[in-house]
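Here are a few friendly notes to read alongside the model. They start with the sheet and then move to the helices.

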Amino acid sequence: MTADVWLPIPPDEIDGLPEGPDYRFWNGGEDFPADPADCAFYVVPYMKPSPLCVRPMGRMSNVRVVQTLSAGIDHVEPGLGHLPAGVRLCNARGVHEASTGELTLALILASLRGIPDFVRAQDRGEWLGGFRPALADKNVLIVGYGSIGEAIEDRLVPFEVARVARVARSERTTARGPVHPLTELPALLPEADVVILSTPLNETTRGLAGADFLSRMKDGALLVNVARGPVVDTKALLAELETGRITAALDVTDPEPLAREHPLWRAPGVLISPHVGGPTSAFLPRAKRLLVDQLNRYVNREPLRNVILTTGASTD
């Protein structure tokens, strides 16, 4: 069995790694730390472009586990076809919930209460008063109710929202109430004052928030995207923003990053943060705990956590 483990965090900075594997540090540099064919456990560099992340995968003929440090896996999907059968792909469930939940609430509150306007007024030395919408008493719709969606609802509770509706790929019941299937989304959109996108990016969700979706949102509603940029049809969103009918708060965009001249920067009623939902001070300790747990499980031949798929396995 090959024993190399590729880590994007220096191994001497991670307490509790199990003995046995040869740990190699690689965070996307031009030179590989060793022969990729000897890598058994590949931890994908965090917040790096997809082509860089998949670059060694075609040569990882003996890899058994690919572990992302992100909740999404779309950036490694182009390399999966180059891997041998039986490779387990794991995501970073448990790492980003706190940070993404915080940012989601920050974006909602900043947008509703007009914080960007206040900052601009401060730069001008202008006292800008007036009434603004509150989050209290609003109906909120969370589209994508996985662990991040749950974390967002946890943080919504103290703000006295009127109602939280939840949507996921399939219907189920939680302690907080029902989770509606995607097929019920068209009926739920017109009732929501705030629509939060926290879905993974896949063929079902790509372009989900398109012209029809956006047209069903009520006048004055706020769209918040903390998922992936392509979940929203940018052209359709721009058309709605230009009318002033809805507003948006976007941590992710399509394309990403936005070019300086992109019209989304200047669209009315939009607040943009540069994909910062995950990279906070909360990331590193949680990422290290995940890696220590996963690698101990791997070495001890125990079931891994967060297995999203296994290459070569039937999807039926």
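1. Eight strands make up an open sheet with mixed pairing, in the order 8-9-7-6-10-11-12-13. Strands are DSSP runs of E with at least two residues, and helices are runs of H or I with at least four, both numbered from the N terminus; two strands pair if DSSP finds at least two bridges between them. This is a predicted model, in which local features need pLDDT of at least 70, side-chain atom pairs count only at pLDDT 80 or more, and totals for chains, interfaces and linings use all residues. Residues are numbered from 1 along each chain as its sequence is written, and side-chain values use heavy atoms, with hydrogens and water left out.

2. Strand 8 (172-174) and strand 13 (270-272) are the edges: each has a single partner strand, so one side of each lacks a neighbour in the sheet.

3. Strand 6 (residues 139-143) and strand 10 (residues 194-197) run parallel and are joined by four bridges. Ile 142 has Ile 196 of strand 10 as its bridge partner.

4. Helix 9 (residues 283-299) has 17 residues, which at 1.5 Å a residue should span 24 Å; its end C-alpha atoms are 24 Å apart, so the two agree. The expected span is 1.5 Å times one less than the number of residues.

5. Among the buried residues of helix 9 are Phe 283, Leu 290, Leu 291 and Tyr 298, where buried means under 20% relative accessible area (1.4 Å probe, protein chains only). After helix 9 comes Arg 301, with a positive phi near 55°.

Technical notes
Buried < 20%, exposed > 50% of the residue type's maximum accessible area, 1.4 Å probe, protein only.
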